[in-house]
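Me: I have a new model open and would like to understand the words used for it. Could you walk me through them?

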Amino acid sequence: MLVSKKNIFILFLISLIFLIGDVFFEVNFIKLNKIEIATKKINLGEQINIIQISDLHNKTFFNNNAELYEKIKDSQPDFIVITGDFIDKNTKDYTYAYNVIDELLKINQNIYFVAGDHEQKNTRNILIGLVDRGVKILDRTQISYKKNNQSVTLYGLDYYNDSGDIDFIKHISQQDFSILLLHNPDLAINNENIKADLILSGDTHGGQIRLPFLGAITVPGQGFFPKYSKGLYFMPNESLLYIDSGLGNTLLPIRFLNQSQVSLIQIKGIGE
């Protein structure tokens, strides 16, 4: 039976409305992505909850980010990590970004930050305000977090040192559970000498547009249909790499099969 042009048009129109609605939803409504990681470096029954925020790009969500803050608060994080591109390269006024930080500090005072490529030379003054608010900037530095006599050690390297002096993270301690914060995952992907129990990164936005079964169409630095675009990966050197697809967007406010998200990473102890 032949399909009339009118029916084809109606079908096209319905598909277009669905697509536009889906894109609007995925760009503007946030999900909480949960990841569980088991380790013998933490005692049986102990758990450390981490919230990862990546690639906000100065975006505002509905109701002054109420949903975002609620999801983070309900997760009861032990600390919060921000893996870069909190602002956009065109951001001149940091008032909104600082307001977000102030709200996060009401939830948890332990916030660790590494800069991304959008915290570049003309926007790096934002780091001054972050430090003034008590945010810990990790760049070629490390810091320990302790909970119930359990320790994790965080290391950080900002985007502009990716190709520079990385010797300090080539010698990450294997005693405590180690977490390396990077904005761009390419450094870990291309350097097997960098080994941590868990590497947290962002930058890719998950490709923003993803296809069923194929994943991201493209991400910077990896070309078309990249191997590493979003999610948890077991690296050849036994590190775990987690790439968060983030909250914001670049170029166009478009996401498909890739909803805006923050991540709750639960480190669970299984003992020896």
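Me: What should I know before we start?

Reply: This is a predicted model, so local features need pLDDT of at least 70 and side-chain atom pairs count only at pLDDT 80 or more, while totals for chains, interfaces and linings use all residues. Residues are numbered from 1 along each chain as its sequence is written, and side-chain values use heavy atoms, with hydrogens and water left out.

Me: Why is I72 called buried?

Reply: Buried means under 20% relative accessible area, exposed means over 50%, and partly exposed lies in between (1.4 Å probe, protein chains only). I72 has a relative accessible area of 0%, so it counts as buried. This residue lies in helix α2; helices (H or I, at least four residues) and strands (E, at least two) are DSSP runs, numbered from the N terminus.

Me: Which residues is I72 in contact with, leaving aside its neighbours within four places in sequence?

Reply: They are I51, I53, P77, I80, L104 and I107; contact means heavy atoms within 4.5 Å. I107 is 35 residues from I72 in sequence, yet the two are 7.8 Å apart in space, C-alpha to C-alpha.

Me: What makes a group of residues a nonpolar core?

Reply: A nonpolar core is a set of buried Ala, Val, Leu, Ile, Met, Phe, Trp, Tyr and Cys residues joined through side-chain atoms within 4.5 Å. The largest one here has 30 residues, and I53, I82 and L104 touch the most other members. Several elements supply at least two residues each, among them β2 (47–53), α2 (62–74) and β16 (261–269). Helix α3 gives the most, with seven residues. Not counting residues up to four places away in sequence, L104 touches I53, Y69, I72, I80, I82 and I111. There is also a second, separate core of 22 residues, which includes I35, V114, L181 and L240.

Me: How do you know that β2 pairs with β16 and with β3?

Reply: Two strands pair if DSSP finds at least two bridges between them. Six bridges join β2 to β16, and these strands run antiparallel. β2 and β3 have four bridges and pair in the parallel sense. Both counts meet the requirement of at least two, so both are pairs. I48 stands opposite I267 in β16, while in β3 the partner of I51 is I80 and the partner of I53 is I82. From β2 the chain crosses through α2 to β3 in a right-handed β-α-β crossover (with the strands pointing away from the viewer, the path from the first strand over the helix to the second runs clockwise).

Me: What makes β1 and β5 edge strands?

Reply: The open sheet has six strands in the order β1-β16-β2-β3-β4-β5, with mixed pairing. β1 (31–39) and β5 (136–137) each pair on one side only, and they are its edge strands.

Me: Why is β8 said to be largely enclosed?

Reply: Six of the six residues of β8 (residues 177–182) are buried, so this strand is largely enclosed by the rest of the structure. F177, I179 and L181 cover one side, and S178, L180 and L182 the other.

Me: Why is the pair of F25 and F29 called stacked?

Reply: Rings of Phe, Tyr and Trp (its six-membered ring) pair if their centres lie within 6.5 Å; planes under 30 degrees apart count as stacked, over 60 as edge-to-face and the rest as tilted. F25 and F29 are 5.2 Å apart, centre to centre, with 20° between the planes, so they form a stacked pair. F25 is partly exposed at 40% relative accessible area, and F29 is partly exposed at 30%.

Me: What makes the pair of F79 and Y112 edge-to-face?

Reply: Their centres are 5.5 Å apart and their planes 80° apart, so this pair counts as edge-to-face. F79 lies in β3 and Y112 in β4, so the pair ties together parts that are 33 residues apart in sequence. Both F79 and Y112 are buried.

Me: How do you know that a charge sits over the ring of F61?

Reply: The rule asks for NZ of Lys or CZ of Arg within 6 Å of the ring centre and within 35 degrees of the ring normal. The charged end of K59 sits over the F61 ring, 4.8 Å from its centre. Likewise, R133 lies over the face of Y98, at 4.1 Å from the ring centre.
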